[in-house]
Amino acid sequence: MNMELSEKIGEGHHRECFAVDGENLIVKKLKRKKQRSCFLKKLLPVRNVNAEEFQLYKSLPGSLKEYLPSYMEMKDDILIMERITDYDGNFSKTVLEYGRIENDNFWEETERIARILTEEKVWMFDIFHHGNNIVVKKISEDTFIPVLIDFKRVGWRAYPLQLNLLFEKEKRKKFRRRFGSFLKRYRA
Ligand SMILES: Nc1ncnc2c1ncn2[C@@H]1O[C@H](COP(=O)(O)OP(=O)(O)OP(=O)(O)O)[C@@H](O)[C@H]1O
Ligand SMILES: [Mg+2]
């Protein structure tokens, strides 16, 4: 497969994301580690977010399939995955880029994702956090669906001072709180 990287299309706290020339693919590269801020985090082993993401992606329930990139592969430390596109061939925008979304189907399916993640106890606290971990995929001119593009099971390791996150009930509360803010911010 041709793997010439072209422009950078996004960046988060952990990774930079590049387009692949002539393919509907993106490549996620780990950023160089900064000095760890929190003393407790310094004691923990360094995470390989790409490897964790790949494992989590493979373990997700089949009921989420239509909301996931159809392709994901790991090569050394690099993650390669489908670049989400709309029905007309345009690249789908992140929720953050899109802004408020007025589309009943999108919100019904987003509620469904939140329900499944809660039932299955997959606590991806970041998924509804900033609007840049979900894209708005237009499957027709007036039907949109959410597609998840960032799979991190953030938990006690990421928030070592939030000891309450050792408890299932507290994880659920945090997840629902973040989902609530996401709806308030982006649902038109
Ligand atoms: N499959 C994809 N298709 C299109 N754009 C993508 C895809 N994956 C990532 N991106 C873009 O790259 C950005 C960074 O990717 P990603 O969210 O995986 O990095 P991160 O460092 O883990 O983020 P965070 O800051 O949420 O921890 C995304 O916000 C999005 O703009
Ligand atoms: Mg992200």
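Predicted model: local features only at pLDDT ≥ 70, side-chain atom pairs only at ≥ 80, totals over all residues.
Residues are numbered from 1 along each chain as its sequence is written, and chains are lettered from A and ligands numbered from 1 in the order in which they are written.

The protein chain has five helices and eight strands; helices (H or I, at least four residues) and strands (E, at least two) are DSSP runs, numbered from the N terminus. Read from the N terminus on, the elements follow the order β-β-β-α-α-β-β-β-α-α-β-β-α. Of the 188 residues in the chain, 21% are buried. A residue is called buried if 20 or more other C-beta atoms lie within 10 Å of its own, exposed if 12 or fewer, and partly exposed in between, with C-beta atoms placed from the backbone.

Around ligand 1 there are 23 residues, of which Gly10, Gly12, His14, Cys17 and Asp150 come nearest; a residue is near a molecule if its C-beta atom, placed from the backbone, lies within 6 Å of it. Strands E1 (5-11), E2 (15-20), E3 (25-30) and E5 (78-82) each supply at least two residues of this shell, and the largest share, three residues, comes from E1.

In soluble globular proteins, nonpolar side chains tend to be buried together. A nonpolar core is a set of buried Ala, Val, Leu, Ile, Met, Phe, Trp, Tyr and Cys residues joined through C-beta atoms within 7 Å. The largest such core has 21 residues, and Ile127, Ile134, Val135, Val136, Val147, Leu148 and Ile149 touch the most other members. Helix H4 (104-119), strand E7 (134-140), strand E8 (143-148) and helix H5 (168-186) each supply at least two residues of this core. Apart from it lies another core, of seven residues, including Phe18, Ile26, Leu79 and Ile80.

Helix H2 (residues 49-59) has the buried residues Val49, Asn50 and Glu53. These residues lie on the same side of H2 because they cover an arc of only 95° around the axis, the arc being that of the directions from the helix axis to the C-beta atoms. Their cover includes E2, E3, strand E4 (72-75) and E5. The face of H2 turned away from the buried side carries the exposed residues Lys58 and Ser59.

Key
Contact = placed C-beta atoms within 7 Å.
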